[in-house]
Amino acid sequence: MNKIKFFTSVFACGFLLCCTAENSTSNIKVVNWNVQTFFDATTEGTEYSDFISQKYWGVRSYETRLDRLCEVMKELNADIFVFEEIENYDVVHDIANRLANYSWAQRKNWNYTVFSKNDGDSIGCAVFSRYAISSVTVHNLDIRTEKTAQPKMRSIMQMKIHIDGKWLTVFVNHWKSKSGGAEKSEVWRDWQERLLTSLMTKSVEGGEYVFASGDFNRDINEFTIDNPACYENVLLDDTLSLHSPWLFVTGELSFPGSYYYQGEWSRIDHFFVSSNVLLLDFTAECGTWSNNDSTPWRYTIYNGTGYSDHLPISARLSFK
């Protein structure tokens, strides 16, 4: 029998410090960044081959990348960071310790973290927050109706973040890549879009403040634009209307993008929000982690230079 299953599991959240003090700002800054194959120096067997070789990769290389990432986090100074391509919770722990200078006395640290990846996967997603995180759930697909077997796909992580007396429902995504052919893998991104739509619809209909973030491996032009009702909105799975800051009300697109590959920009890193959430000051961030032409300064393992092949995107959230 053909089967389609959505698997959901409760995930243990890694609270690095349980404190009650909350940031009292009226709006918050959120950053999403695919940090490009951020492995630690311990070989577990699931790493990409380049990171198993001791010729170019080891403790010193790893610590250098840690320092660079923490420097960027401090410079961008977001209230919530969402990262894709983190290897494991040990990396999360190392980042947190560096940010806090190995002391939890600083009230402005990112004192709440959560990480998730499926068994056997090489990389997962992590969240660092100055606000309390709770109700973390992981959602997976089990599709048996397609002609080809389902490949490994990363889960969608759902959580609630308590912000100034309100609860923001957050969905973290890293959809199937286009490696091996965009058309061949498109069906699996379609399934991930259906799953996210199903999850977000329940939250939106419940009146929650809803926010989705991540590397969707799908350009904004590949989503259905909610037109002519609102050029700024997309229709997930042709049903759920959500705002995207890549889109202007005129129908034009923000330029240039967040990912640069083979001489072309794309907008595959996204924020999507429900109508009761405002996205302010959206940008693809440039800095020491970008080249002079504003393209991402990708990490190159053989000489240890660079940061990531994606730019971080940032926005400020406010609640209607």
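1. The model is predicted, not experimental. Its protein chain has three helices and 17 strands. Of the 320 residues, 53% are buried. The chain exposes about 14,400 Å², and carbon and sulfur atoms supply 49% of that area.

2. Contacts across the sequence: among those between residues at least 6 apart, 70% join residues at least 24 apart.

3. An open sheet is formed by six strands, in the order E4-E5-E3-E2-E17-E16, with mixed pairing. Its edges are strand E4 (112-116) and strand E16 (277-284), each of which pairs on one side only. From one strand to the next, the twist averages 20°.

4. Within this sheet, strand E3 (residues 80-86) and strand E5 (residues 124-129) run antiparallel and are joined by six bridges. Ile86 stands opposite Gly124 of E5. Helix H1 (residues 59-76) packs on the sheet and touches strand E2 (28-38), E3 and E5. The direction of H1 makes about 165° with that of E2.

5. The structure holds 11 salt bridges. One of them pairs Lys29 with Glu285, with the closest N and O atoms 3.8 Å apart. Lys29 lies in strand E2 and Glu285 in the loop between E16 and strand E17 (313-319), so this pair ties together parts that are 256 residues apart in sequence. Both residues, Lys29 and Glu285, are buried.

6. A salt bridge also links the side chains of Lys160 and Glu208, at 3.2 Å from N to O. Lys160 belongs to strand E7 (residues 156-163), and Glu208 to the loop between helix H3 (182-205) and strand E9 (209-215); the pair therefore ties together parts 48 residues apart in sequence. Lys160 is partly exposed, at a relative accessible area of 24%. Glu208 is likewise partly exposed, with a value of 24%.

7. Arg189 is buried, with a relative accessible area of 0%, while Glu186 counts as partly exposed at 22%. Salt bridges with shared partners join Glu186, Arg189, Asp190, Glu193 and Arg218 into one network.

Methods. Residues numbered from 1 in each chain as written. Predicted model: local features only at pLDDT ≥ 70, side-chain atom pairs only at ≥ 80, totals over all residues. Heavy atoms only, no water. Pairing = 2+ DSSP bridges. Helix = DSSP H or I, 4+ residues; strand = E, 2+ residues; numbered from the N terminus. Axes fitted to C-alpha atoms, helices over the stretch in contact; angles between N-to-C directions. Contact = heavy atoms within 4.5 Å. Buried < 20%, exposed > 50% of the residue type's maximum accessible area, 1.4 Å probe, protein only. Areas by Shrake-Rupley, 256 points an atom, 1.4 Å probe, with all protein chains shown as cover. Salt bridge = Lys/Arg side-chain N within 4 Å of Asp/Glu carboxyl O.
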